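Thank you for making time this morning. I would like to walk you through one structure, a few places at a time.

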Amino acid sequence: MLTAPGPIATPAGELVLRPVAPPADLDLLTGWMNDPGTDRWWGLAGPPGTTAAHLAAQLDGDGRSLPLLALLAGEPTGYFELYRADFDPLAAHYPARPHDLGLHLLLAPGARGRGLAARLLDALATRLLRDEPRCTRVLAEPDVRNTPSIRAFARAGFTRTTDLDLPDKRAALMIRRRADA
């Protein structure tokens, strides 16, 4: 079962990732999902029930995925999904290793365009690889057309290893390895 990491120091301030708490976070996340820049990649625009159903699938699941609200210096800044990639359907599309962790990131519309994603991804991946001794890789699979996301992962130390044809997109497999792995 995945758990949220503790506070993480970043160059942009303290990052706190806490599990999403519906219904308290629902309006905020629904607003972000309805932003055209978010909807282009997430495809979850719609009424609060659309966002609630997406969150419920993770919150009511088997603990292999964890939706997290990102607070930077106390301000809601983004939404992360941390998941066990080796148990995800994604594992059928790449050479999965036990305890691979995956990340999805949505930056709040007002937080984009400042290089913040790379700093947060770097800090989180560093923490996960440090605190999860069985995990040797953290990965992501952004759409190949999402060049800002791919650049942010690359600046955070992830390497684009291949492109994958997934059921819903063509994805760039981005992997950050533990230094000793």
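Let me begin with what I mean by a pocket: on a 1 Å grid over the protein atoms alone, a pocket is an open set of points where a 1.4 Å probe fits, with protein on both sides within 12 Å along at least five of seven lines, and its lining residues have an atom within 4 Å of a point. This is a predicted model, in which local features need pLDDT of at least 70 and side-chain atom pairs count only at pLDDT 80 or more, while totals for chains, interfaces and linings use all residues. Residues are numbered from 1 along each chain as its sequence is written, and side-chain values use heavy atoms, with hydrogens and water left out.

The second largest pocket is lined by 13 residues, and those nearest its centre are Met1, Leu2, Arg84, Glu132 and Arg134. Met1 and Leu2 also turn up as the residues in contact with Gly63 (contact means heavy atoms within 4.5 Å), once its neighbours within four places in sequence are left aside. Gly63 itself sits in the loop between helix 3 (48-59) and strand 3 (65-72), where helices (H or I, at least four residues) and strands (E, at least two) are DSSP runs numbered from the N terminus.

Is Gly63 buried or exposed? Gly63 counts as buried because its relative accessible area is 11%, and buried means under 20%, exposed over 50%, and partly exposed in between, with a 1.4 Å probe and protein chains only.

Asp143 lies in another loop, between strand 6 (137-140) and helix 5 (147-155), and is buried too, with a relative accessible area of 9%. Setting aside residues within four places in sequence, Asp143 is in contact with Trp41, Ile150, Lys169, Arg170 and Ala171.

Turning to the interior, a nonpolar core is a set of buried Ala, Val, Leu, Ile, Met, Phe, Trp, Tyr and Cys residues joined through side-chain atoms within 4.5 Å. The largest such core has 47 residues, and Tyr79, Phe80, Leu103, Leu121 and Phe158 have the most contacts inside it. Helix 4 (residues 116-131) gives the most to this core, with 10 residues. A second, separate core of 11 residues includes Leu139, Leu164, Ala171 and Ile175.

Finally, two details of the backbone deserve a look. The peptide bond from Pro22 to Pro23 is cis, with omega near 0 degrees, and Ala73, which is not a glycine, has a positive phi near 50 degrees.
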